[in-house]
Amino acid sequence: MSSAPVRAYQQELTSEAIREAFFLGSRNDEITADFWNHYERVFLSRSTTLHVGAVEVLTPYAQVVFAAQHHMADENAVDAVQKYASRNLPFIVRVTIYYPTDSLSQDYDVKTQSHVAVSQGHVLKPQKTTWHPVTVSNGKSRSAPGVTVEQEFDPDQVSSGDLTIRVTFLDRGHFETTFDLAHMK
């Protein structure tokens, strides 16, 4: 008996894949949580300096799981197929960078002095990059401000295999992590 081949990341979603992703997200249980373990990495740091807090990869399939989990409570699988079957969802990479203000000089601009590069043997060019502010609260005061850098890619330029995300901080080193898309949907 041979084992079934690993189903690699899906650039285009079939109606069956959309239904499957919808049901996975709708479960919102330990199986859904286990699914997300392959798509996001959280880096806990007690550091009071500039650091990467999380990296997330959202394939088109993962985007449907997320939508079902968070935004489609009153909808069903048929609605999900109607909503996503004709859409060309991008491949998304999100990197959250924290930069405690007391450890950085006032002239440090995280947008111009930090760089996120996504590669698969060569650097992939994002179709769109957006920066979203992040603030963390410890219950008493806000601390560790940050930013989430979201890059959207054409799924046709992303293949199944290793995807490396490298964050470079001007004069402050770099951070790198890899996701194996051959084991993701």
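## A walk through the predicted model

The mean pLDDT of this predicted protein model is 86, and 84% of its residues reach 70 or more; pLDDT is the predictor's confidence in each residue, from 0 to 100. Among the elements, helix 3 comes out highest, at a mean of 96, and helix 5 (residues 110-113) lowest, at 81. Residues 1-7 have a pLDDT below 50, and beyond near neighbours in sequence this stretch has six contacts in the model. Where pLDDT is low, the predicted coordinates should not be read in detail.

A few ground rules before we go in. Residues are numbered from 1 along each chain as its sequence is written, and side-chain values use heavy atoms, with hydrogens and water left out. Since this is a predicted model, local features need pLDDT of at least 70 and side-chain atom pairs count only at pLDDT 80 or more, while totals for chains, interfaces and linings use all residues.

### The overall layout

The protein has five helices and eight strands. Both kinds of element are DSSP runs numbered from the N terminus: helices are H or I with at least four residues, strands are E with at least two. Read from the N terminus, the order is α-α-β-β-α-α-β-α-β-β-β-β-β. Of the 185 residues, 42% are buried; buried means under 20% relative accessible area, exposed over 50%, and partly exposed in between (1.4 Å probe, protein chains only). Contact here means heavy atoms within 4.5 Å. Among contacts with a separation of 6 or more, 71% are between residues 24 or more positions apart.

Helix 1 (residues 15-27) has 13 residues and reaches 19 Å from its first C-alpha to its last, close to the 18 Å expected at 1.5 Å a residue. That expected span is 1.5 Å times one less than the number of residues. Its buried residues are Ala17, Ile18, Ala21, Phe22, Leu24 and Gly25. They sit on the same side of helix 1 because they cover an arc of only 165 degrees around the axis, where the arc is that of the directions from the helix axis to the C-beta atoms. Their cover includes helix 2 (30-36), helix 3 (60-70) and helix 4 (77-84). Just past the end of helix 1, Asn28 takes a positive phi of about 50 degrees.

Helix 4 buries Ala77, Ala80, Val81 and Tyr84. These fall within an arc of 100 degrees when you look down the axis, so they line one face of helix 4. An α-helix has 3.6 residues a turn, so residues three or four places apart point the same way. On the face turned away from the buried side, helix 4 carries the exposed residues Val78 and Gln82. Helix 1 and helix 3 are among what covers the buried residues of helix 4.

Now for the loop between helix 3 and helix 4, where Glu75 is found. Glu75 is partly exposed, at 28% relative accessibility. Beyond four places in sequence, Glu75 is in contact with Phe22 and Lys83. Phe22 is 53 residues away along the chain, yet the two C-alpha atoms are separated by 9.6 Å.

### Polar pairs worth a look

A polar contact is a pair of N or O atoms within 3.5 Å; within protein, one must be able to donate a hydrogen and the other to accept it, and residues adjacent in sequence count only if both atoms are side-chain atoms.

| From | To | Distance |
|---|---|---|
| Glu75 side chain | Lys83 side chain | 3.4 Å |
| Asn76 side-chain oxygen | Val78 backbone nitrogen | 2.9 Å |
| Thr59 side chain | Lys185 backbone oxygen | 2.5 Å |

The Asn76 pair caps the N-terminal end of helix 4. Thr59 is in the loop between strand 2 (51-58) and helix 3, and is buried at 0% relative accessible area. Not counting residues up to four places away, Thr59 touches Tyr9, Tyr39, Phe91 and Lys185.

The largest nonpolar core has 48 residues, of which Phe91, Val95, Ile97, Leu163 and Ile165 touch the most other members. Helix 3 gives this core its largest share, six residues. Such a core is a set of buried Ala, Val, Leu, Ile, Met, Phe, Trp, Tyr and Cys residues joined through side-chain atoms within 4.5 Å.

Thr96 is in strand 3 (residues 91-98) and is buried, with a relative accessible area of 12%. Leaving out residues up to four places away, the contacts of Thr96 include His51, Gly53, Val134 and Thr148.
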